[in-house]
Amino acid sequence: MNRTSLPAPEQKEHARHGEQLFPLQKYITTLDDLHPSVSAHWHEEAEFTRILSGSGTYQIQLQHYDVAAGDLLFIPPALLHAITVTPREKLCTETYVFHMHFLGASTADICSVQYLTPLATAKLSPPFFFDARHPLHDALDDLFNDMDTLHDDAAQGYELLLKADFLRLIALLLPCCNAADEDTRLHMEYTAKLKTVLEYIDAHYAEELSIADLAFLCYFSEYHFMRFFKRFMGTSCLNYIKNLRLEKA
């Protein structure tokens with residue numbers, strides 16, 4: 001399946017990935033000068049991505065990561081993220097989008113209580129980006145290859161083996177996870193403010209929007225709000241609104 005962009009009626013994505021009993025979907029995404037970005041959004045599922053070719057920038061939880069072929073990314077549930085291709089490049093990615101419930105996050109056992117639920121609720125913070133220099137890169141790359149083989153062959157019982165691979169993915173990430181600290185909580189607070197603003201802009205983009213009204217949503221001064229938006233979105237608020245209106249048109 002080719003996913004060049006995500007649904008954009010809101011920054012929270014409502015598309016179902018996979019089926020009710022098998023909430024996992026594999027996507028191949030291509031971005032280029034015609035489709036240069038995936039706008040900021042979030043969803044209940046986690047993502048495990050490999051960069052197949054090209055280069056671009058991922059924004060995850062207010063941080064920016066320059067990506068190239070061979071890099072891997074893990075995005076936990078509910079984190080705000082966006083993608084932008086490098087101009088005159090073609091960025092091709094392969095992504096598994098999966099719900100943590102598939103791994104048993106909703107059950108009452110030690111795996112859920114100690115690992116899966118804290119990861120899904122941002123009480124544990126894993127690394128998001130793995131290039132060739134990262135000590136986990138090779139193990140994660142091998143795991144991605146195994147997932148591809150299982151998914152594409154779809155032999156009887158492959159769902160069980162895929163589930164085991166995604167549990168192994170979490171186990172590999174755990175030693176690199178950090179408990180949420182003051183910086184993490186501050187980032188979560190800023191992310192919540194940014195989500196509120198983006199949802200408001202998306203719902204009212206056809207109306208007259210003022211910086212004063214948007215700043216009020218965050219309880220920021222206009223000056224602080226403009227600096228805040230530019231820092232975390234990589235563009236001014238007015239430019240973001242202009243581009244959104246062009247996209248909607």
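Q: In which strand is phenylalanine 98 found?
A: The model considered here is predicted. Within this model, the element that holds phenylalanine 98 is strand 8.

Q: Does phenylalanine 98 count as buried or exposed, and what is its relative accessibility?
A: A residue is buried when its relative accessible area is under 20%. Phenylalanine 98 therefore counts as buried, with a relative accessibility of 0%.

Q: How far apart in space are phenylalanine 98 and phenylalanine 166?
A: Phenylalanine 98 touches several residues beyond four places away in sequence, among them Pro23, Phe48, Phe74, Leu103 and Phe166. In sequence, phenylalanine 98 and phenylalanine 166 are separated by 68 residues. From C-alpha to C-alpha, their separation in space is 9.0 Å.

Q: What span should helix 2 have, and what is the distance between its end C-alpha atoms?
A: Helix 2 covers residues 137-153, which makes 17 residues. At 1.5 Å a residue, the helix should span 24 Å. This agrees with the distance between its end C-alpha atoms, which is 24 Å.

Q: Which helix do the buried residues of helix 2 pack against?
A: The buried residues of helix 2 are His137, Leu140, Asp141, Leu143, Phe144, Met147, Asp148 and Leu150. Their packing partners include strand 1 (24-31), strand 3 (46-53) and strand 8 (91-98). The helix they pack against is helix 3 (158-173).

Q: How is helix 2 oriented relative to helix 3?
A: The axes of the two helices come within 10 Å and cross at roughly 165°. Angles over 145 degrees count as roughly antiparallel. Helix 2 and helix 3 are therefore roughly antiparallel.

Q: In which hand does helix 2 pass helix 3, and which residues of helix 3 make the contact?
A: The crossing of helix 2 and helix 3 is left-handed. On helix 2, the contact involves Ala139, Leu140, Leu143, Asp146, Met147, Leu150 and His151. On helix 3, it is made by Tyr158, Leu161, Leu162, Asp165, Phe166, Arg168, Leu169 and Leu172.

Terms used
Residues are numbered from 1 along each chain as its sequence is written. This is a predicted model: local features need pLDDT of at least 70, side-chain atom pairs count only at pLDDT 80 or more; totals for chains, interfaces and linings use all residues. Side-chain values use heavy atoms; hydrogens and water are left out. Helices (H or I, at least four residues) and strands (E, at least two) are DSSP runs, numbered from the N terminus. The expected span of a helix is 1.5 Å times one less than its number of residues. Buried means under 20% relative accessible area, exposed over 50%, partly exposed in between (1.4 Å probe, protein chains only). Contact means heavy atoms within 4.5 Å. Axes are lines fitted to C-alpha atoms, for helices over the stretch in contact, and angles run from 0 to 180 degrees between N-to-C directions. Angles under 35 degrees count as roughly parallel, over 145 as roughly antiparallel, 65 to 115 as roughly perpendicular and the rest as oblique. A crossing is left-handed if the near helix is turned anticlockwise from the far one by less than a right angle, and right-handed if clockwise.
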